[in-house]
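These are my notebook entries on a single model. I set down what I looked up and what I found, topic by topic.

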Amino acid sequence: MPRSDLQALIDRITLPYQAALEERRHRQRGGDRRPGTRGGLFRQKITDADRILATVLSQRGLCDQQALAAVFGVSRGTIRNAIEDVQPLLDQDQYVVTPAERRFATAADVLKFVAERGETPC
């Protein structure tokens, strides 16, 4: 996937992703945010774009979730949550998965491949 296609996908998915997260948080809170709260402002472990990229890489079968977690420097649970949140939006966008040409066993293998080729393996 060329970077321009990935960026276009990120641009299409980001707003619906943020809306879905806010809807879920609203449901979990049982209503609107309370006055005086931080409004959900805290540093995210990975960006929305990274969550979308991780989901695309997972769908393509590039590597397992543990390797993706190591690539992004987060826990496997963070990757799993990202995939659970983003997957329905990719389905709704009718994103067509193209299987990866190679499958990597570890994050080091993925990063080595990227460094050698100078490109994103998606």
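**Aromatic residues**

I began with Phe-113, which is buried at a relative accessible area of 11%. The model is a predicted one, and I read every value below with that in mind. I then looked up Phe-104 and found it buried as well, with a relative accessible area of 5%. I next asked how many aromatic pairs the structure holds. There is one. Phe-104 and Phe-113 form it, with 5.2 Å from centre to centre and 45° between the planes.

**Helix α3 and its cover**

I turned to α3, which spans residues 65-72. Which of its residues are buried? I noted Ala-67, Leu-68, Ala-69 and Phe-72. I then looked up what covers these buried residues, and the cover includes α2 (48-60), α4 (76-92) and α5 (107-117). After α3 comes Gly-73, for which I recorded a positive phi near 70°.

**α3 against α4**

Two packed helices are described by the angle between their axes and the distance between the axes. I looked up both values for α3 and α4: the axes come within 8 Å and cross at roughly 105°. The two helices are therefore roughly perpendicular to each other, since 65 to 115 degrees is the range for that term. On the α3 side, I listed Gln-65, Gln-66, Leu-68, Ala-69 and Phe-72 as making the contact. On the α4 side, I listed Arg-76, Ile-79, Arg-80 and Ile-83. Sorted by class, this contact of α3 with α4 has five nonpolar, two polar and two charged residues. I noted that Leu-68, Ala-69 and Phe-72 are buried and also take part in the contact with α4.

**Two loop residues**

I looked up Lys-45, which lies in the loop between α1 (3-29) and α2.

My last entry concerns Gln-94, in the loop between α4 and α5. Gln-94 has a positive phi of about 65°, although it is not a glycine. I found Gln-94 to be exposed, at 66% relative accessibility.

Terms used. Residues are numbered from 1 along each chain as its sequence is written. This is a predicted model: local features need pLDDT of at least 70, side-chain atom pairs count only at pLDDT 80 or more; totals for chains, interfaces and linings use all residues. Side-chain values use heavy atoms; hydrogens and water are left out. Buried means under 20% relative accessible area, exposed over 50%, partly exposed in between (1.4 Å probe, protein chains only). Helices (H or I, at least four residues) and strands (E, at least two) are DSSP runs, numbered from the N terminus. Contact means heavy atoms within 4.5 Å. Rings of Phe, Tyr and Trp (its six-membered ring) pair if their centres lie within 6.5 Å; planes under 30 degrees apart count as stacked, over 60 as edge-to-face and the rest as tilted. Axes are lines fitted to C-alpha atoms, for helices over the stretch in contact, and angles run from 0 to 180 degrees between N-to-C directions. Angles under 35 degrees count as roughly parallel, over 145 as roughly antiparallel, 65 to 115 as roughly perpendicular and the rest as oblique. Ala, Val, Leu, Ile, Met, Phe, Trp, Tyr, Cys and Pro count as nonpolar, Asp, Glu, Lys and Arg as charged, and the others, Gly among them, as polar.
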